[in-house]
Amino acid sequence: MTALVAILLRDTRVAVRIGGGALMAVLFFLVVVTLIPFALGPDLALLQRIGPAILWLAALLASLLALDRLFGGDHEDGSLDLILMGRAPLELVVLTKGIAHWLTTGLPLVCAAPLIGLILDLDARAALALVLTLLVGTPALTFIGLVGAAIAVTLRRGGLLVAVLVLPLAVPVLIFGVAAANAAIAGPVSFGTPFTVLCALTLASFVVGPFAAAAALRQEIE
Amino acid sequence: MAIVDLANPSRFLNFANRAIPWLGGVTLIAFAFAINQTLAAPDDYQQGATVKIMFLHVPGAWLGMLGFALMSIAALGTLVWRHPLADVAAKAAAPIGAAFTLMCLITGSLWGRPMWGTYWVWDARLTSVLVLFLIYLGIIAVWRTVEDPSRAARAAAIFTLVGALDLPIIKFSVEWWNTLHQGASVLRLGAPTIDSSILIPLLAMTVAFTFLFVTLLLAAMRNEILRRRVRTLRLMRASAAS
């Protein structure tokens with residue numbers, strides 16, 4: 001147990017100190033959300049209607065790009081080999097690293113979302129629904145991303161491969177996340193229905209992600 | 001010779017060399033019969049002759065999903081039982097299954113234009129089949145990106161098993177959601193709801209396409225085994241020269 005706590009603290013500390021993690025993800029989030037009105041035009045009514053979808057897409061892409069920080073640093077300096085040789089179960093170690101990664105990249109996105117949503121004219125109710133769905137959905141994105149990051153960890157230029165692997169698996173999270181965020185604003189569907197499915201997806205990814213990622217790490221590093 | 005002897009690549013190559021011409025012949029005969037049945041099938045009272053796109057669309061869907069199920073079993077063979085030819089089968093099946101899924105998507109789109117008025121709609125079944133196609137492409141990408149075949153095999157196997165969660169979603173998508181795509185008419189509890197004049201050509205085309213799948217799979221597996229031998233020989237020659 002202390003090993004896992006130690007990994008959690010270490011990863012969090014490293015991510016906070018090295019920089020380029022949390023703030024870079026939030027910055028990328030902001031840049032993407034800024035780009036889209038340039039493409040769509042400044043019609044604020046349109047932007048308000050598709051605001052939750054834009055924010056969800058930007059959060060997905062920001063999570064995706066932050067994924068190579070999960071195992072990349074540890075693979076480069078050899079800590080990953082030490083972790084694999086250690087006594088702590090690899091699945092739990094990977095789960096802990098995923099939690100640490102979410103705390104340092106996903107959670108800042110959730111906090112920044114309502115502020116950045118202001119440029120899309122997001123009102124308070126929509127912002128609250130969006131924050132709830134992102135809070136539940138970004139862990140799912142991180143844990144699904146664990147699988148892609150583990151498969152591509154030994155590749156030097158595997159960035160696009162991670163995207164190609166993770167994005168199809170993240171589609172259900174995106175669908176239900178946006179459905180829940182939109183349901184709070186408009187539409188006959190209640191917020192709870194897609195939200196509970198989103199919670200289910202996150203819980204499932206907590207199990208599937210670490211097991212698949214641990215298996216992939218064992219195969220890749222031999 | 002028991003079937004387990006086929007796990008030996010050389011014995012498998014012998015078997016494939018003898019089996020592929022026969023399977024190819026059976027495929028041609030099956031297609032001849034199936035196309036005959038298709039041309040003789042009656043036109044639908046509403047859709048006219050357009051209903052016959054179904055005879056390409058449904059086998060494509062079934063074989064795309066069968067291909068992925070085959071790859072999932074092969075993935076288990078690689079990871080759990082370390083079967084020597086499991087990864088060869090998985091690598092060979094991926095492009096073939098992807099091609100059948102693409103055929104399903106394209107024929108479905110062409111069928112949807114006159115029937116539904118649109119080439120595409122984002123309902124549950126079409127979306128989940130499109131996601132299946134993307135997962136196929138991801139698996140092919142893993143095979144092409146990782147250089148060592150055995151490591152690529154294990155990475156692709158893990159990703160295949162994670163992606164296999166999409167298969168029940170596709171099958172039950174028409175029940176779980178309100179979809180524009182019609183519900184299950186053949187593989188369902190209770191008898192099929194299609195008239196036999198349409199069901200027989202459909203099954204004939206499915207059988208023909210399945211024989212085609214198996215023939216192409218064996219040929220691709222043979223190619224992959226030979227490709228690995230060439231690679232090993234090249235590596236041996238390169239290390240002997242240095």
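This is a predicted model: local features need pLDDT of at least 70, side-chain atom pairs count only at pLDDT 80 or more; totals for chains, interfaces and linings use all residues.
**Figure 1. The buried side of helix 1 in chain A.** I7(A), D11(A) and A15(A) are the buried residues of helix 1 of chain A. Look down the helix axis and these buried residues fall within an arc of 55 degrees, so they line one face of the helix.

**Figure 2. The rest of helix 1 and what packs over it.** Helix 1 of chain A runs over residues 2-18 and spans 24 Å between its first and last C-alpha, close to the 24 Å expected. Over on the other side sit the exposed residues T2(A), V5(A), A6(A), L9(A), R13(A) and R17(A). The buried residues of helix 1 get their cover from elements including helix 2 (22-40) and helix 6 (90-117) of chain A.

**Figure 3. Where chain A meets chain B.** Chain A puts 16 residues into the contact and chain B puts in 15. On the chain A side, helix 7 (124-151), helix 8 (159-185) and helix 9 (192-220) each give two or more residues. That side of chain A is made of 13 nonpolar, 2 polar and 1 charged residues.

Figure 4. Chain A has 9 helices and 0 strands. Its radius of gyration is 18 Å, close to the 17 Å from the globule rule for 222 residues, so chain A is as compact as a globular protein of that length. In chain A, 48% of the residues count as buried. Of the chain A contacts between residues at least 6 apart in sequence, 80% link residues at least 24 apart.

Note on methods. Residues are numbered from 1 along each chain as its sequence is written. Chains are lettered from A and ligands numbered from 1 in the order in which they are written. Two residues are in contact if their C-beta atoms, placed from the backbone, lie within 7 Å. Helices (H or I, at least four residues) and strands (E, at least two) are DSSP runs, numbered from the N terminus. Ala, Val, Leu, Ile, Met, Phe, Trp, Tyr, Cys and Pro count as nonpolar, Asp, Glu, Lys and Arg as charged, and the others, Gly among them, as polar. The expected span of a helix is 1.5 Å times one less than its number of residues. A residue is buried if 20 or more other C-beta atoms lie within 10 Å of its own, exposed if 12 or fewer, and partly exposed in between; C-beta atoms are placed from the backbone. The arc is that of the directions from the helix axis to the C-beta atoms. The radius of gyration is taken over C-alpha atoms; the globule rule is 2.2 Å times the number of residues to the power 0.38.
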